[in-house]
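Hi,

Here is the structure I promised to pass on. Have a look at it first, and then read on for what turned up.

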Amino acid sequence: MIPDVAAFQASTARTPLLAHLPHSKCPSCGLETLLGMTADSGTVLLETFDPLAPPTAGEIPPPHRWAANGHFAQQLPDSVDPRTACWIEHTAVCPALPLPIDQPALRARRHLNTERARQARDLHEAGIPEE
Ligand SMILES: [Zn+2]
(Lines give C-alpha, C1' and ligand atoms only; values in the text may rest on other atoms or scores of the structure.)
Protein backbone atom coordinates (compact mmCIF):
# COMPACT_ATOMS: atom_id res chain seq x y z
CA MET A 1 0.00 0.00 0.00
CA ILE A 2 1.40 3.35 -0.99
CA PRO A 3 1.48 5.96 1.78
CA ASP A 4 -0.73 9.04 1.51
CA VAL A 5 0.62 11.78 -0.76
CA ALA A 6 1.65 14.25 1.96
CA ALA A 7 3.49 11.66 4.03
CA PHE A 8 5.03 10.22 0.89
CA GLN A 9 6.30 13.63 -0.23
CA ALA A 10 7.54 14.52 3.24
CA SER A 11 9.48 11.29 3.49
CA THR A 12 10.97 11.59 0.02
CA ALA A 13 11.79 15.29 0.48
CA ARG A 14 13.84 14.44 3.57
CA THR A 15 15.38 11.29 2.20
CA PRO A 16 14.87 11.17 -1.57
CA LEU A 17 17.07 8.09 -1.91
CA LEU A 18 14.96 5.82 0.28
CA ALA A 19 13.92 3.88 -2.76
CA HIS A 20 15.01 0.28 -3.22
CA LEU A 21 14.06 -0.06 -6.82
CA PRO A 22 15.08 -3.11 -8.84
CA HIS A 23 17.20 -2.56 -11.93
CA SER A 24 15.56 -3.09 -15.29
CA LYS A 25 16.77 -2.58 -18.84
CA CYS A 26 14.81 -0.20 -21.03
CA PRO A 27 13.19 -2.26 -23.83
CA SER A 28 13.65 0.64 -26.27
CA CYS A 29 17.32 1.59 -25.78
CA GLY A 30 18.74 -1.18 -23.57
CA LEU A 31 20.09 1.19 -20.92
CA GLU A 32 20.01 0.23 -17.25
CA THR A 33 17.10 1.91 -15.45
CA LEU A 34 15.20 1.46 -12.20
CA LEU A 35 11.73 -0.03 -12.07
CA GLY A 36 9.17 1.65 -9.81
CA MET A 37 5.73 0.31 -8.96
CA THR A 38 2.92 2.83 -9.34
CA ALA A 39 -0.19 3.12 -7.17
CA ASP A 40 -2.37 1.74 -10.00
CA SER A 41 -0.25 -1.46 -10.11
CA GLY A 42 1.63 -0.27 -13.15
CA THR A 43 5.33 0.33 -13.50
CA VAL A 44 7.54 3.24 -14.47
CA LEU A 45 11.19 3.22 -15.57
CA LEU A 46 13.27 5.81 -13.73
CA GLU A 47 16.71 7.19 -14.45
CA THR A 48 19.65 6.32 -12.27
CA PHE A 49 21.57 9.38 -11.04
CA ASP A 50 24.53 10.44 -8.94
CA PRO A 51 23.28 10.10 -5.35
CA LEU A 52 25.35 13.13 -4.37
CA ALA A 53 23.70 15.29 -7.01
CA PRO A 54 20.11 14.20 -7.60
CA PRO A 55 18.00 16.28 -9.97
CA THR A 56 15.48 18.61 -8.34
CA ALA A 57 11.81 19.15 -9.05
CA GLY A 58 12.64 22.70 -10.17
CA GLU A 59 14.84 21.34 -12.96
CA ILE A 60 12.52 18.64 -14.25
CA PRO A 61 9.11 19.56 -15.65
CA PRO A 62 5.96 17.67 -14.64
CA PRO A 63 4.82 15.01 -15.37
CA HIS A 64 8.35 13.60 -15.82
CA ARG A 65 9.53 14.04 -12.20
CA TRP A 66 8.87 11.33 -9.66
CA ALA A 67 9.33 10.53 -6.01
CA ALA A 68 10.18 7.00 -4.93
CA ASN A 69 10.01 5.22 -1.62
CA GLY A 70 10.62 1.54 -1.15
CA HIS A 71 9.47 -0.09 -4.40
CA PHE A 72 6.85 2.58 -5.11
CA ALA A 73 7.07 5.62 -7.35
CA GLN A 74 4.66 8.50 -7.70
CA GLN A 75 4.59 11.61 -9.89
CA LEU A 76 5.39 14.82 -8.03
CA PRO A 77 2.57 17.39 -8.20
CA ASP A 78 2.97 20.92 -9.60
CA SER A 79 2.89 22.28 -6.05
CA VAL A 80 6.01 20.40 -4.86
CA ASP A 81 8.90 22.43 -3.42
CA PRO A 82 11.27 22.96 -6.40
CA ARG A 83 14.23 22.04 -4.16
CA THR A 84 12.85 18.53 -3.68
CA ALA A 85 15.12 15.84 -5.05
CA CYS A 86 13.35 13.82 -7.70
CA TRP A 87 13.70 10.98 -10.13
CA ILE A 88 13.37 11.45 -13.89
CA GLU A 89 11.06 9.23 -15.88
CA HIS A 90 13.31 7.34 -18.30
CA THR A 91 10.94 7.50 -21.28
CA ALA A 92 11.24 11.32 -21.16
CA VAL A 93 15.00 11.04 -21.79
CA CYS A 94 15.30 7.69 -23.58
CA PRO A 95 17.63 8.04 -26.58
CA ALA A 96 15.41 5.68 -28.61
CA LEU A 97 12.32 7.85 -28.11
CA PRO A 98 11.54 11.45 -29.09
CA LEU A 99 11.84 14.14 -26.41
CA PRO A 100 8.31 14.80 -25.07
CA ILE A 101 9.13 18.52 -24.75
CA ASP A 102 12.23 20.51 -25.63
CA GLN A 103 13.47 21.45 -22.18
CA PRO A 104 17.14 21.99 -21.19
CA ALA A 105 17.44 19.41 -18.38
CA LEU A 106 15.60 16.72 -20.34
CA ARG A 107 17.59 17.49 -23.50
CA ALA A 108 20.90 17.30 -21.55
CA ARG A 109 19.97 14.00 -19.92
CA ARG A 110 18.82 12.52 -23.23
CA HIS A 111 22.15 13.58 -24.79
CA LEU A 112 24.01 11.84 -21.92
CA ASN A 113 21.90 8.72 -22.46
CA THR A 114 22.63 8.79 -26.19
CA GLU A 115 26.34 8.65 -25.30
CA ARG A 116 25.77 5.89 -22.71
CA ALA A 117 23.86 3.82 -25.26
CA ARG A 118 26.56 4.37 -27.90
CA GLN A 119 29.31 3.30 -25.47
CA ALA A 120 27.34 0.20 -24.47
CA ARG A 121 26.90 -0.68 -28.16
CA ASP A 122 30.61 -0.15 -28.83
CA LEU A 123 31.59 -2.39 -25.88
CA HIS A 124 29.11 -5.03 -27.02
CA GLU A 125 30.43 -4.97 -30.58
CA ALA A 126 34.01 -5.25 -29.23
CA GLY A 127 32.96 -8.30 -27.19
CA ILE A 128 33.55 -6.57 -23.84
CA PRO A 129 30.83 -7.26 -21.26
CA GLU A 130 29.04 -4.29 -19.66
CA GLU A 131 29.83 -3.50 -16.04
ZN1 LIG B 1 15.39 3.83 -23.06
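S4 and S5 make a hairpin with 2 residues between them, and glycine 70 in the turn has a positive phi of about 65°. Strands here are DSSP E runs of at least two residues and helices are H or I runs of at least four, numbered from the N terminus. Bear in mind that this is a predicted model, where local features need pLDDT of at least 70, side-chain atom pairs count only at pLDDT 80 or more, and totals for chains, interfaces and linings use all residues. Residues are numbered from 1 along each chain as its sequence is written.

S4 pairs with S5 (residues 72–75) in the antiparallel sense over 4 bridges; to call two strands paired, DSSP has to find at least two bridges between them. Tryptophan 66 has glutamine 75 in S5 as its bridge partner. S4 also pairs with S6, again antiparallel, over 2 bridges, and there arginine 65 stands opposite isoleucine 88.

Is S4 buried or exposed? 5 of the 5 residues of S4 are buried, so the rest of the structure largely encloses it. Buried means 20 or more other C-beta atoms within 10 Å of a residue's own, exposed means 12 or fewer, and partly exposed is in between, with C-beta atoms placed from the backbone. Side chains in a regular strand alternate between the two faces of the sheet. In S4, Arg65, Ala67 and Asn69 point one way, while Trp66 and Ala68 point the other.

One more residue to look at: proline 95, in the loop between S6 and helix H2 (104–125). Proline 95 counts as buried because it has 20 C-beta neighbours inside 10 Å. Leaving aside neighbours within four places, proline 95 touches Cys29, Arg110, Asn113, Thr114 and Ala117.

For the overall picture, there are 2 helices and 6 strands, in the order α-β-β-β-β-β-β-α.

Cheers

Notes: Contact = placed C-beta atoms within 7 Å.
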